[in-house]
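Work through the exercises below with the sequence and the model side by side. Try each task before reading its solution.

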Amino acid sequence: MNRLLGRRGLGAGLTAGAATALACGCGQALAQHQPPPPAADRLLDAGAALLQGKAPLNAMNLYLDGFHFYADDMGRAVEAHHYCTHLTEDLHQCTIFDANHAGARLIGLEYIISEKLFLQLPEDEKPLWHSHHHETTSGLLVMPGIPEAVETLAMRRLATTYGKTWHTWQVDRGDTLPLGIPQLMMGFTADGQLDPALVAARDRRLGVSVAESRAARRDIPVPRPAAGANAWQQGETPQLTRQTVPVRNRR
């Protein structure tokens, strides 16, 4: 039960219908109201779709929806649509979008590791990671479109994992392009930290219920996060800054 999710773990127990729902990322999302690409670009895209393989993308068959906040500003919460693949027994890698439709914007990435791997990290690396103990057991993290029993099993396995998340597009401040440098993100660790209006809007849009999810997961033991994770709780946290440095080995 402590293994991460994946095609050999969770995927092996899914029905065909549930697996399809998991892969498609069911649920409604807001349109971006951006003009479509020119006709020539759409033709090129269509040709590439027919002729080129997309093995890494096709492997991202796990869809999770949750919330992140900027490591240095807890007041800036962002809904994050994760599309993940099970790379190894102890590691998932996820792309993060601001929605779940074809026009969604790629806004970041997250690596998810087991507690076993987290405990092996150097001490100065651990503050970059956040625990998933609250997101999973509280109902904030959801898997739209799959049966409740399967989702609960998934959350039981994810409850002891840790995530390292970088957002590259600050959509919450209205940026129309991915400006600036990547921002370290964190996950919520207790009730009352996230604006309930954001959760209610998400639940309506995706057809999920944080209250029902929490009730279904009441038997999942709430793990105690390992020392070093959730650095923001100490009042300080890592965050990138921009600096100019000399170019080495220039040719």
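A cavity is a set of grid points where a 1.4 Å probe fits but cannot get out, and its lining residues have an atom within 4 Å of a point. The model used here is predicted.

**Exercise 1. The cavity**

Find which residues line the largest cavity, and which strand supplies the largest share of the lining.

Solution. 
Step 1. Start with the count: the structure holds 1 cavity of 30 Å³ or more. The volume of the largest cavity is about 90 Å³.
Step 2. List the lining of the largest cavity: Leu64, Gly66, Phe67, His68, His82, Glu110, Ile112, His130, His132, Glu135, Leu141 and Leu158.
Step 3. At least two lining residues come from each of strand E1 (62-70) and strand E4 (106-113).
Step 4. The largest share, 4 residues, belongs to E1.

**Exercise 2. The disulfide**

Identify the cysteines that form a disulfide, and determine its handedness.

Solution. 
Step 1. A pair of cysteine sulfur atoms within 2.5 Å counts as a disulfide. The sulfur atoms of Cys84 and Cys94 are 2.1 Å apart, and the two form a disulfide. The count for the structure is 1 disulfide.
Step 2. Cys84 is in strand E2 (residues 73-88) and Cys94 is in strand E3 (residues 91-97), so the pair ties together parts that are 10 residues apart in sequence.
Step 3. The torsion about the S-S bond is about 105°, so this disulfide is right-handed.
Step 4. Check the accessibility against the cut-off for buried, which is under 20% relative accessible area. Cys84 is buried because its value is 1%. Cys94 also counts as buried, because its relative accessibility is 4%.

**Exercise 3. The surroundings of His133**

Decide whether His133 is buried or exposed, and describe what surrounds this residue.

Solution. 
Step 1. Locate the residue: His133 belongs to helix H5 (residues 133-138).
Step 2. The relative accessible area of His133 is 10%, so His133 is buried.
Step 3. Look for a polar partner. The side chains of His133 and Ser131 are joined by a polar contact of 2.6 Å.
Step 4. Leave out residues up to four places away in sequence; His133 then touches Ala159, Thr189, Val222, Pro223, Pro225 and Asn230.

**Exercise 4. Confidence**

State the mean pLDDT of the chain, and find where the pLDDT is below 50.

Solution. 
Step 1. The chain has a mean pLDDT of 87, and 84% of its residues reach 70 or more.
Step 2. The pLDDT is below 50 over residues 6-32. Beyond near neighbours in sequence, this stretch has 57 contacts in the model.

Definitions and conventions: Residues are numbered from 1 along each chain as its sequence is written. This is a predicted model: local features need pLDDT of at least 70, side-chain atom pairs count only at pLDDT 80 or more; totals for chains, interfaces and linings use all residues. Side-chain values use heavy atoms; hydrogens and water are left out. pLDDT is the predictor's confidence in each residue, from 0 to 100. Contact means heavy atoms within 4.5 Å. Buried means under 20% relative accessible area, exposed over 50%, partly exposed in between (1.4 Å probe, protein chains only). A polar contact is a pair of N or O atoms within 3.5 Å; within protein, one must be able to donate a hydrogen and the other to accept it, and residues adjacent in sequence count only if both atoms are side-chain atoms. On a 1 Å grid over the protein atoms alone, a cavity is a set of points where a 1.4 Å probe fits but cannot get out, and a pocket is an open set with protein on both sides within 12 Å along at least five of seven lines; lining residues have an atom within 4 Å of a point. Grid points are joined across faces, edges and corners, and a volume is the space filled by probe spheres set on the points.
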